[in-house]
Amino acid sequence: MDTMRDRFIATTTRLLDEDPRLALVLAEISVAGFEQAQRRHPDRVINVGIREQLLIGAGGGVALTGMRPIMHTFASFLVERPFEQVKLDFGHQGTGGVLVSAGASYDWPAGGFTHMAPGDVALLDTLDGWTVHVPGHPDEAEAVLRNAAAGDDRVYVRLSLQSNAEARPFAGGRFLAVREGRGPVVIAVGPMLDNVLAATEGMDVTVLYATTVRPFDDEAVRRAAGDRADVVIVEPYLAGTSTPAANDALRDVPHRVLGLGVSRRELRRYGTIDEHLDAHGLDPKSLRARIAAFM
């Protein structure tokens, strides 16, 4: 199976052929994958070099001309390093564009902490008007990319090497119910779904699957929760990022929320993706113990 990043390259190459409004702005990362697209569309495939602030600034300039920019690099260089440009060149200017990241929270551990971005979604939460997609499978990544490219709004697509075995249909921003029970509601975000399903096997819980986390699907959470609610959110980025959103969704009913995700503690022995999952308690065995204790 291809990776989400592979699918992004293939899908965006086709989208550039299909839609003359689109432009792609790169900062060296994935340039080799877009050689064909650059030959066909040299005026709409722009590589600014290792200048991430310029990446966003150039994308913002493209947006001001009425075109639809897609900007891509590692998450830490796309959201964290040029955050001021994201805030001003899109939010303040009132323009739209698509940020597509790679690397996620710890997809390339050998790159060290400079290439890790567990706080990216929490950082975007400080800004208004961003749609955030966290696909859990390459097929889902293609669906959200096509949806994002066709719009005019501000969109962040967070890609990862972690993937679920099975793709779920793109629900247009709604959470999907993949398991129903009478106990707590467990929200699995993107590539966390398979681990959550394994962790909750045999438990009397409802599992909701989220590939679009902003806007947060208040209606689905309220419907699943009923009059009283215990909610667990399992996210592949900073633990607790969506806890305020769940609290807001359930503000009229008694509830508890447990936010599980990547801890703030920096792991200085970088290891592998699976070792990071274990260390942050996001493997099925650890998730089961933490959810059971909450219940």
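This is a predicted model: local features need pLDDT of at least 70, side-chain atom pairs count only at pLDDT 80 or more; totals for chains, interfaces and linings use all residues.
Student: What makes β6 "largely enclosed" by the rest of the structure?

Tutor: Look at its residues, 154-158: 5 of the 5 are buried, so the strand is largely enclosed by the rest of the structure. Buried here means under 20% relative accessible area.

Student: How do you know that β4 and β6 pair?

Tutor: Pairing takes at least two bridges. Strand β4 (residues 97-102) has 5 bridges to β6, and the two run parallel, so they pass the test. Within that pairing, Val98 stands opposite Val155.

Student: And what about β5 and β6, how many bridges do they have?

Tutor: Strand β5 (residues 130-133) is joined to β6 by 4 bridges, again running parallel. That is over the cut-off of two, so they count as paired. Thr131 is the residue standing opposite Val155 here.

Student: Why is the contact between Glu52 and Arg81 called a salt bridge?

Tutor: Their side chains come to 3.1 Å, N to O. The limit is 4 Å between a side-chain nitrogen of Lys or Arg and a carboxyl oxygen of Asp or Glu, so this pair qualifies. Glu52 sits in helix α3 (residues 52-64) and Arg81 in the loop between α4 and α5, so the bridge ties together parts 29 residues apart in sequence.

Student: Are those two buried or exposed?

Tutor: Glu52 has 5% relative accessibility, which puts it under the 20% cut-off, so it counts as buried. Arg81 has 43%, which falls between 20% and 50%, so it counts as partly exposed.

Student: Why are α3 and α5 called roughly parallel?

Tutor: Their axes come within 9 Å and cross at roughly 5°. Angles under 35 degrees count as roughly parallel, so these helices do too. Where they meet, Gln53, Ile56, Gly57, Gly59, Gly60 and Ala63 in α3 face Gln85, Val86, Asp89 and Phe90 in α5.

Student: What makes β7 and β12 the edge strands of their sheet?

Tutor: The open sheet has 5 strands in the order β7-β9-β8-β11-β12, with mixed pairing. β7 and β12 each pair on one side only. From one strand to the next, the twist averages 25°.

Student: How do you know that β7 and β9 are paired?

Tutor: They share 3 bridges in the antiparallel sense; at least two are needed, so they are paired. Arg179 has Val207 in β9 as its bridge partner.

Notes. Residues are numbered from 1 along each chain as its sequence is written. Side-chain values use heavy atoms; hydrogens and water are left out. Buried means under 20% relative accessible area, exposed over 50%, partly exposed in between (1.4 Å probe, protein chains only). Axes are lines fitted to C-alpha atoms, for helices over the stretch in contact, and angles run from 0 to 180 degrees between N-to-C directions. Angles under 35 degrees count as roughly parallel, over 145 as roughly antiparallel, 65 to 115 as roughly perpendicular and the rest as oblique. Contact means heavy atoms within 4.5 Å.
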